[in-house]
Amino acid sequence: MPPVEFLAERKEAGQTIAALLRKRFGLSWSQAKRLIERGHVRVAGFAVADPGHRVRARNRIWIREGVVQPPPVSREAMPSAPSPPAPKRKPAKSPPRPLTPSPPLIRTPSLLYADDAVVVANKPAGLTTMRHAAEADEFGPRGQRFLPTTLADLLPRLLGAPGARVIPVHRIDRDTSGGVVFARTPAAAKHLTRQFRKHTADRRYLALVRGAPPVGRIESLLVRDRGDGRRGSGPGPDGKRAVTHVKVLERLGSFALVECRLESGRTHQVRIHLGEAGAPLCGERVYDRPVNGKPLPDGSGAERPMLHAARLGFVHPATGEPMSWEVPPPDDFARLLEKLRGPS
């Protein structure tokens, strides 16, 4: 039996790989987890060891031969071996897209500040902040050369010290732009990490959303699977407290410009809270629907989730001085904002 290969469908985007396998192949959670942890599954060409890894639309899923039965063929499935010619039919009005990768969004990051203890960078959308520890362990130092470049990989060269090391302190999503701080010494990393854990760092995001969320404080417990394979708010012993303070800066017809101040810093926190408040980000494709529901309409035309880390502030780990940066939104964010504002 050959390996099983297929493409994740758009409706499966944002699900964990374990949830996707469970639903597609009728596996139990323990069976799906065991397949992944034993190295039988690859996503987008890379081995996945974490059952909680989130799948993107049209990710190529590969499963080692003989461990599962092939899934039913769907419109998004991988091409299989040639079959006898079928009777001629009229072409579909909307044929499937060719299996070609989307053009990368990666642009060059810029330095906002650097000294012997810290470096603050403006991360472009499309660039991952840092390598996950499990991914680094999986491929080793030599194998990592073939993995996508991260902001942490680029910073030493931008600092004029290619052999130097920067230490990640926090992260922002791959498709989110804006300010990120790295430490340059273990002592600075420990000091900054403490500030982020105690939520004393100032982190504010700008977001373009559909509709307008209620103004004020949003608090919930975030869980890895809210019931449809996506992260979200829900009960459970593993839930992590998340607090976002929301302010509507400008109403733009059926859209709005929103500021979100983080009191905590959970994975996808802003995206989840805004989506659950009925005002998902323009360009959001994961947290834009109720549990097991249909995506909310998005007439913005945004090609990515429109979220930007616009303000970053913390106490300098060496001098004890408070420092902060205001980071202007990138061109695609600014253009969409002007479009939504309409003629002046």
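Author: The part to begin with is an open sheet of 4 strands, which follow one another in the order β1-β4-β2-β3 with antiparallel pairing. The edge positions are taken by β1 (4-7) and β3 (46-47), and because each of these has a single partner strand, one side of each is left without a neighbour in the sheet. Inside that order, strand β2 (residues 41-43) and strand β4 (residues 60-63) run antiparallel and are joined by 3 bridges, and here Val41 stands opposite Ile63 in β4. Helix α1 (residues 17-25) packs on this sheet, where it touches β1, β2 and β4, and its direction makes about 110 degrees with that of β1.

The protein averages a pLDDT of 85, with 83% of the residues scoring at least 70. Confidence is lowest in helix α3 (residues 133-143), at a mean of 50, whereas β13 has the highest, at 98. Two stretches call for particular care: over residues 73-84 pLDDT stays under 50, and the model has 16 contacts beyond four places in sequence for them, while residues 135-139 also stay under 50 and have 9 such contacts. Where pLDDT is low, the predicted coordinates should not be read in detail.

Because 7 of its 8 residues are buried, β13 is largely enclosed by the rest of the structure. Strand β9 runs antiparallel to β13 and is joined to it by 7 bridges, with Arg204 having Arg261 as its bridge partner in β13. Strand β12 also pairs with β13 in the antiparallel sense, over 8 bridges, and in this pairing the bridge partner of Lys247 is Glu259 in β13. β12 and β13 form a hairpin with 2 residues between them, and in its turn Gly253 has a positive phi of about 70 degrees.

The surroundings of Val209 connect several of these pieces. Leaving aside neighbours within four places in sequence, Val209 is in contact with residues that include Ser254, Phe255, Ala256, Val258, Leu274 and Cys282. Cys282 counts as buried, at 0% relative accessibility, and Cys260 is likewise buried, with a relative accessible area of 0%. A search of the whole structure finds 0 disulfides.

Strand β5 (residues 110-114) pairs with β6 in the antiparallel sense over 4 bridges, a hairpin joins β5 to β6 through 3 residues, and Ser110 stands opposite Asn122 in β6.

Methods: Residues numbered from 1 in each chain as written. Predicted model: local features only at pLDDT ≥ 70, side-chain atom pairs only at ≥ 80, totals over all residues. Heavy atoms only, no water. Contact = heavy atoms within 4.5 Å. pLDDT = per-residue confidence, 0-100. Disulfide = S-S within 2.5 Å. Buried < 20%, exposed > 50% of the residue type's maximum accessible area, 1.4 Å probe, protein only. Pairing = 2+ DSSP bridges. Axes fitted to C-alpha atoms, helices over the stretch in contact; angles between N-to-C directions.
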